[in-house]
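Subject: Handover of a structure and notes on its contents

Dear colleague,

Please find the structure below, together with its sequence.

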Amino acid sequence: MKDIDVLIEALPYIKKFHDKKILIKYGGHAMVDDEAKSSTARDTVLLKYVGMKPLIVHGGGPEISRSMDKLGKESKFIKGLRVTDEETMEIIEMVLVGKISTEIVSELIKHDGDAISLSGKDSSLIFAHRKGASKIDEEVVDLGLVGEVDCVNTDLLEMFLENEYIPVISPVGIDVDGNSLNLNADTAAGEVASAVGAEKLIILTDVPGVLRDPSDPSSLIQKIRISEVPGLIEEGVITGGMIPKIETCVKAIENGVKSCHIIDGRKKHSLLLEIFTTNGIGTMIFDD
(Lines give C-alpha, C1' and ligand atoms only; values in the text may rest on other atoms or scores of the structure.)
Protein backbone atom coordinates (compact mmCIF):
# COMPACT_ATOMS: atom_id res chain seq x y z
CA MET A 1 0.00 0.00 0.00
CA LYS A 2 2.90 2.35 0.68
CA ASP A 3 3.90 2.32 -3.01
CA ILE A 4 0.31 3.10 -3.99
CA ASP A 5 0.21 6.01 -1.52
CA VAL A 6 3.35 7.46 -3.14
CA LEU A 7 1.75 7.29 -6.59
CA ILE A 8 -1.48 8.84 -5.34
CA GLU A 9 0.47 11.70 -3.73
CA ALA A 10 2.35 12.29 -6.99
CA LEU A 11 -0.72 12.36 -9.25
CA PRO A 12 -1.82 15.99 -8.68
CA TYR A 13 1.73 17.20 -9.30
CA ILE A 14 2.02 15.13 -12.49
CA LYS A 15 -1.21 16.75 -13.68
CA LYS A 16 -0.20 20.24 -12.56
CA PHE A 17 3.20 20.20 -14.25
CA HIS A 18 2.25 18.29 -17.39
CA ASP A 19 3.80 19.96 -20.46
CA LYS A 20 5.63 22.48 -18.23
CA LYS A 21 9.32 23.29 -18.61
CA ILE A 22 11.52 22.37 -15.65
CA LEU A 23 15.05 23.85 -15.66
CA ILE A 24 17.46 21.72 -13.62
CA LYS A 25 20.86 23.10 -12.71
CA TYR A 26 23.24 20.15 -12.24
CA GLY A 27 25.97 20.80 -9.69
CA GLY A 28 27.89 19.34 -6.79
CA HIS A 29 27.58 15.66 -5.86
CA ALA A 30 25.04 15.00 -8.61
CA MET A 31 27.83 15.56 -11.15
CA VAL A 32 30.73 13.86 -9.36
CA ASP A 33 29.58 10.60 -7.77
CA ASP A 34 28.86 7.89 -10.36
CA GLU A 35 25.80 6.53 -8.56
CA ALA A 36 24.40 10.02 -8.03
CA LYS A 37 25.01 10.94 -11.69
CA SER A 38 23.11 7.87 -12.86
CA SER A 39 20.27 8.39 -10.39
CA THR A 40 19.86 12.09 -11.27
CA ALA A 41 19.85 11.31 -15.00
CA ARG A 42 17.25 8.56 -14.51
CA ASP A 43 15.01 10.89 -12.51
CA THR A 44 15.35 13.60 -15.17
CA VAL A 45 14.26 11.13 -17.86
CA LEU A 46 11.31 10.11 -15.68
CA LEU A 47 10.16 13.74 -15.62
CA LYS A 48 10.12 13.68 -19.41
CA TYR A 49 8.15 10.44 -19.60
CA VAL A 50 5.42 11.71 -17.24
CA GLY A 51 4.88 14.68 -19.54
CA MET A 52 7.23 17.44 -18.38
CA LYS A 53 9.89 19.20 -20.44
CA PRO A 54 13.21 19.12 -18.55
CA LEU A 55 16.20 21.24 -19.56
CA ILE A 56 19.64 21.05 -17.94
CA VAL A 57 22.32 23.65 -17.32
CA HIS A 58 25.45 22.28 -15.64
CA GLY A 59 28.45 23.66 -13.81
CA GLY A 60 31.93 22.18 -13.50
CA GLY A 61 34.20 24.40 -11.41
CA PRO A 62 36.07 21.62 -9.53
CA GLU A 63 36.63 19.64 -12.74
CA ILE A 64 37.99 22.76 -14.46
CA SER A 65 40.44 23.34 -11.60
CA ARG A 66 41.60 19.70 -11.71
CA SER A 67 42.17 19.90 -15.46
CA MET A 68 44.10 23.15 -15.09
CA ASP A 69 46.33 21.52 -12.47
CA LYS A 70 47.02 18.60 -14.80
CA LEU A 71 47.94 21.00 -17.60
CA GLY A 72 50.21 23.03 -15.30
CA LYS A 73 47.97 26.08 -15.35
CA GLU A 74 47.38 27.83 -12.04
CA SER A 75 43.77 28.61 -11.12
CA LYS A 76 43.33 32.21 -10.01
CA PHE A 77 40.35 33.48 -8.07
CA ILE A 78 39.34 36.93 -6.87
CA LYS A 79 36.64 37.00 -4.20
CA GLY A 80 35.79 33.41 -5.12
CA LEU A 81 35.38 34.21 -8.84
CA ARG A 82 37.62 32.58 -11.47
CA VAL A 83 39.94 34.87 -13.42
CA THR A 84 39.58 33.79 -17.06
CA ASP A 85 42.33 34.51 -19.59
CA GLU A 86 42.34 33.01 -23.11
CA GLU A 87 44.18 29.85 -22.09
CA THR A 88 41.84 29.31 -19.14
CA MET A 89 38.85 29.85 -21.42
CA GLU A 90 40.11 27.10 -23.74
CA ILE A 91 40.36 24.71 -20.79
CA ILE A 92 36.88 25.72 -19.57
CA GLU A 93 35.38 24.93 -22.98
CA MET A 94 37.28 21.65 -23.18
CA VAL A 95 35.97 20.53 -19.79
CA LEU A 96 32.41 21.88 -19.90
CA VAL A 97 31.55 21.28 -23.55
CA GLY A 98 33.85 18.40 -24.44
CA LYS A 99 33.65 16.34 -21.25
CA ILE A 100 30.94 17.13 -18.71
CA SER A 101 28.13 17.93 -21.13
CA THR A 102 28.68 14.79 -23.19
CA GLU A 103 28.92 12.66 -20.03
CA ILE A 104 25.52 13.94 -18.87
CA VAL A 105 24.06 13.24 -22.31
CA SER A 106 25.45 9.70 -22.18
CA GLU A 107 23.80 9.10 -18.79
CA LEU A 108 20.46 10.39 -20.07
CA ILE A 109 20.65 8.21 -23.18
CA LYS A 110 21.53 5.20 -21.00
CA HIS A 111 18.14 5.67 -19.34
CA ASP A 112 16.33 6.00 -22.71
CA GLY A 113 16.15 9.77 -22.76
CA ASP A 114 16.85 11.58 -26.03
CA ALA A 115 19.33 14.32 -25.16
CA ILE A 116 21.46 16.86 -27.00
CA SER A 117 24.64 18.59 -25.84
CA LEU A 118 24.70 22.35 -26.44
CA SER A 119 27.04 25.14 -25.48
CA GLY A 120 25.89 28.72 -25.23
CA LYS A 121 27.81 29.34 -28.47
CA ASP A 122 25.65 27.02 -30.58
CA SER A 123 23.47 29.21 -32.80
CA SER A 124 24.16 32.06 -30.32
CA LEU A 125 22.16 30.15 -27.72
CA ILE A 126 23.46 32.39 -24.92
CA PHE A 127 24.48 35.79 -26.27
CA ALA A 128 26.57 37.70 -23.74
CA HIS A 129 28.95 40.59 -23.24
CA ARG A 130 32.21 40.77 -21.36
CA LYS A 131 31.63 41.91 -17.79
CA GLY A 132 34.75 44.07 -17.69
CA ALA A 133 36.09 45.74 -14.58
CA SER A 134 33.63 45.95 -11.71
CA LYS A 135 33.60 46.61 -8.00
CA ILE A 136 33.51 43.54 -5.74
CA ASP A 137 33.50 44.26 -2.00
CA GLU A 138 34.88 47.77 -2.62
CA GLU A 139 37.70 46.42 -4.82
CA VAL A 140 37.73 47.07 -8.58
CA VAL A 141 38.66 43.86 -10.40
CA ASP A 142 38.69 42.60 -13.98
CA LEU A 143 38.04 38.87 -14.24
CA GLY A 144 38.93 38.70 -17.93
CA LEU A 145 36.73 36.64 -20.27
CA VAL A 146 33.80 36.46 -17.85
CA GLY A 147 30.43 37.27 -19.34
CA GLU A 148 27.00 38.55 -18.46
CA VAL A 149 23.99 37.21 -20.35
CA ASP A 150 22.19 39.50 -22.79
CA CYS A 151 19.67 37.12 -24.35
CA VAL A 152 18.85 33.45 -24.95
CA ASN A 153 17.95 31.88 -28.30
CA THR A 154 14.69 30.29 -27.18
CA ASP A 155 13.77 29.22 -30.72
CA LEU A 156 16.61 26.70 -30.69
CA LEU A 157 15.56 25.28 -27.32
CA GLU A 158 11.88 25.13 -28.30
CA MET A 159 12.82 23.19 -31.43
CA PHE A 160 14.57 20.51 -29.36
CA LEU A 161 11.87 20.40 -26.69
CA GLU A 162 9.10 20.02 -29.27
CA ASN A 163 11.02 17.09 -30.73
CA GLU A 164 11.27 15.38 -27.32
CA TYR A 165 14.96 16.13 -26.67
CA ILE A 166 16.43 17.10 -23.29
CA PRO A 167 18.83 20.02 -23.92
CA VAL A 168 22.04 19.84 -21.86
CA ILE A 169 23.59 23.31 -21.83
CA SER A 170 27.18 24.28 -20.97
CA PRO A 171 27.49 27.80 -19.46
CA VAL A 172 29.71 29.24 -22.18
CA GLY A 173 28.46 32.41 -23.85
CA ILE A 174 29.31 34.08 -27.14
CA ASP A 175 29.79 37.81 -27.70
CA VAL A 176 29.25 40.03 -30.72
CA ASP A 177 32.78 39.27 -32.01
CA GLY A 178 32.36 35.50 -31.65
CA ASN A 179 34.50 35.27 -28.52
CA SER A 180 33.80 32.65 -25.86
CA LEU A 181 32.85 33.92 -22.42
CA ASN A 182 32.85 32.09 -19.10
CA LEU A 183 29.40 32.30 -17.45
CA ASN A 184 28.37 31.58 -13.89
CA ALA A 185 26.36 28.35 -14.16
CA ASP A 186 23.69 29.36 -11.62
CA THR A 187 23.19 32.71 -13.35
CA ALA A 188 23.02 31.04 -16.78
CA ALA A 189 20.44 28.56 -15.45
CA GLY A 190 18.31 31.42 -14.14
CA GLU A 191 18.52 33.31 -17.43
CA VAL A 192 17.57 30.25 -19.49
CA ALA A 193 14.71 29.39 -17.11
CA SER A 194 13.35 32.94 -17.42
CA ALA A 195 13.73 33.04 -21.20
CA VAL A 196 11.85 29.78 -21.84
CA GLY A 197 9.13 30.52 -19.28
CA ALA A 198 10.02 27.61 -17.01
CA GLU A 199 7.57 26.55 -14.32
CA LYS A 200 10.43 25.70 -11.97
CA LEU A 201 14.14 26.28 -11.58
CA ILE A 202 15.74 23.53 -9.48
CA ILE A 203 19.33 23.99 -8.30
CA LEU A 204 21.09 20.81 -7.18
CA THR A 205 23.71 21.51 -4.50
CA ASP A 206 25.61 19.73 -1.73
CA VAL A 207 23.56 21.21 1.12
CA PRO A 208 19.97 20.48 2.23
CA GLY A 209 18.85 24.01 1.29
CA VAL A 210 18.84 27.23 3.30
CA LEU A 211 19.56 26.44 6.97
CA ARG A 212 18.98 28.78 9.91
CA ASP A 213 21.91 27.02 11.59
CA PRO A 214 24.54 25.72 9.13
CA SER A 215 25.52 22.97 11.59
CA ASP A 216 21.94 21.73 12.04
CA PRO A 217 20.27 20.07 9.02
CA SER A 218 16.95 20.08 10.91
CA SER A 219 16.94 23.91 10.76
CA LEU A 220 16.03 23.81 7.05
CA ILE A 221 13.82 26.68 5.91
CA GLN A 222 11.35 24.97 3.58
CA LYS A 223 9.76 28.08 2.05
CA ILE A 224 11.05 31.62 1.53
CA ARG A 225 9.13 34.49 -0.02
CA ILE A 226 11.31 36.74 -2.16
CA SER A 227 10.34 39.67 0.09
CA GLU A 228 12.00 37.82 3.01
CA VAL A 229 15.36 37.43 1.25
CA PRO A 230 16.96 40.83 2.14
CA GLY A 231 16.17 40.29 5.82
CA LEU A 232 17.63 36.77 5.82
CA ILE A 233 20.83 38.07 4.19
CA GLU A 234 21.03 40.89 6.74
CA GLU A 235 20.54 38.40 9.60
CA GLY A 236 23.37 36.27 8.25
CA VAL A 237 21.10 33.28 7.59
CA ILE A 238 21.82 33.43 3.84
CA THR A 239 25.60 33.81 3.51
CA GLY A 240 28.59 33.04 1.29
CA GLY A 241 27.96 30.98 -1.83
CA MET A 242 24.26 30.71 -1.05
CA ILE A 243 23.75 34.44 -1.69
CA PRO A 244 24.30 34.33 -5.49
CA LYS A 245 22.11 31.20 -5.75
CA ILE A 246 19.27 32.93 -3.92
CA GLU A 247 19.76 36.12 -5.95
CA THR A 248 19.54 34.03 -9.12
CA CYS A 249 16.27 32.55 -7.84
CA VAL A 250 14.82 35.96 -6.98
CA LYS A 251 15.65 37.35 -10.41
CA ALA A 252 14.20 34.29 -12.15
CA ILE A 253 10.93 34.63 -10.22
CA GLU A 254 10.76 38.35 -10.98
CA ASN A 255 11.16 37.37 -14.65
CA GLY A 256 8.26 34.91 -14.62
CA VAL A 257 9.54 31.58 -13.25
CA LYS A 258 6.85 30.30 -10.88
CA SER A 259 9.10 28.85 -8.17
CA CYS A 260 12.74 28.03 -7.50
CA HIS A 261 14.11 25.19 -5.41
CA ILE A 262 17.51 24.63 -3.82
CA ILE A 263 17.86 20.94 -3.00
CA ASP A 264 20.45 18.41 -1.88
CA GLY A 265 21.72 16.48 -4.91
CA ARG A 266 23.42 14.00 -2.55
CA LYS A 267 20.03 12.65 -1.48
CA LYS A 268 18.70 9.84 -3.65
CA HIS A 269 15.77 10.87 -5.86
CA SER A 270 15.91 14.44 -4.52
CA LEU A 271 14.44 15.77 -7.78
CA LEU A 272 11.39 13.52 -7.57
CA LEU A 273 10.87 14.13 -3.87
CA GLU A 274 10.92 17.90 -4.38
CA ILE A 275 8.52 17.89 -7.34
CA PHE A 276 6.11 15.06 -6.51
CA THR A 277 5.63 15.27 -2.72
CA THR A 278 3.73 17.77 -0.62
CA ASN A 279 6.57 18.57 1.79
CA GLY A 280 9.47 18.41 -0.67
CA ILE A 281 13.02 18.13 0.68
CA GLY A 282 14.75 21.46 0.05
CA THR A 283 14.07 25.19 0.15
CA MET A 284 11.45 26.66 -2.18
CA ILE A 285 11.66 30.34 -3.11
CA PHE A 286 8.46 31.91 -4.42
CA ASP A 287 6.71 35.21 -5.08
CA ASP A 288 4.51 36.95 -2.52
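An axis is a line fitted to C-alpha atoms, for a helix over the stretch in contact, and the angle between two axes runs from 0 to 180 degrees between N-to-C directions. Please bear in mind that this is a predicted model.

With that definition, consider helix H4 (residues 61-70) and helix H5 (residues 86-110), whose axes come within 10 Å and cross at roughly 120 degrees. Angles of 65 to 115 degrees count as roughly perpendicular and those over 145 as roughly antiparallel, so H4 is oblique to H5. On the H4 side, the contact is made by Glu63, Ile64, Ser67 and Met68. H5 contributes Thr88, Ile91, Ile92, Val95, Leu96, Lys99 and Ile100. By class, the contact of H4 with H5 has seven nonpolar, two polar and two charged residues. The crossing of these two helices, H4 and H5, is right-handed.

A second pair is helix H7 (residues 185-196) and helix H9 (residues 242-254), with axes that come within 9 Å and cross at roughly 10 degrees. Angles under 35 degrees count as roughly parallel, and H7 and H9 are therefore roughly parallel to each other. Here Asp186, Thr187, Gly190, Glu191 and Ser194 of H7 meet Lys245, Thr248, Lys251 and Ala252 of H9. The contact of H7 with H9 divides into one nonpolar, four polar and four charged residues.

I turn next to the interior. In soluble globular proteins, nonpolar side chains tend to be buried together. In this model the largest nonpolar core has 79 residues, and those that touch the most other members are Leu23, Leu108, Leu157, Val192, Leu201, Ile246 and Ile285. H5 gives the most to this core, with nine residues. Leu201 touches, among others, Leu23, Ala189, Ala193, Val257 and Cys260, leaving aside residues up to four places away in sequence. Its contacts also include Gly190 and Thr248.

Finally, two loop residues deserve a look. Most residues other than glycine have a negative phi. Asp19, in the loop between helix H1 (2-16) and strand S1 (21-26), has a positive phi of about 70 degrees. Asp112, in the loop between H5 and strand S5 (115-119), has a positive phi of about 65 degrees. Is each of them buried or exposed? Asp19 counts as partly exposed, at 47% relative accessibility, while Asp112 is exposed, with a relative accessible area of 57%.

Yours sincerely

Methods:
Residues are numbered from 1 along each chain as its sequence is written. This is a predicted model: local features need pLDDT of at least 70, side-chain atom pairs count only at pLDDT 80 or more; totals for chains, interfaces and linings use all residues. Side-chain values use heavy atoms; hydrogens and water are left out. Helices (H or I, at least four residues) and strands (E, at least two) are DSSP runs, numbered from the N terminus. Contact means heavy atoms within 4.5 Å. Ala, Val, Leu, Ile, Met, Phe, Trp, Tyr, Cys and Pro count as nonpolar, Asp, Glu, Lys and Arg as charged, and the others, Gly among them, as polar. A crossing is left-handed if the near helix is turned anticlockwise from the far one by less than a right angle, and right-handed if clockwise. A nonpolar core is a set of buried Ala, Val, Leu, Ile, Met, Phe, Trp, Tyr and Cys residues joined through side-chain atoms within 4.5 Å. Buried means under 20% relative accessible area, exposed over 50%, partly exposed in between (1.4 Å probe, protein chains only).
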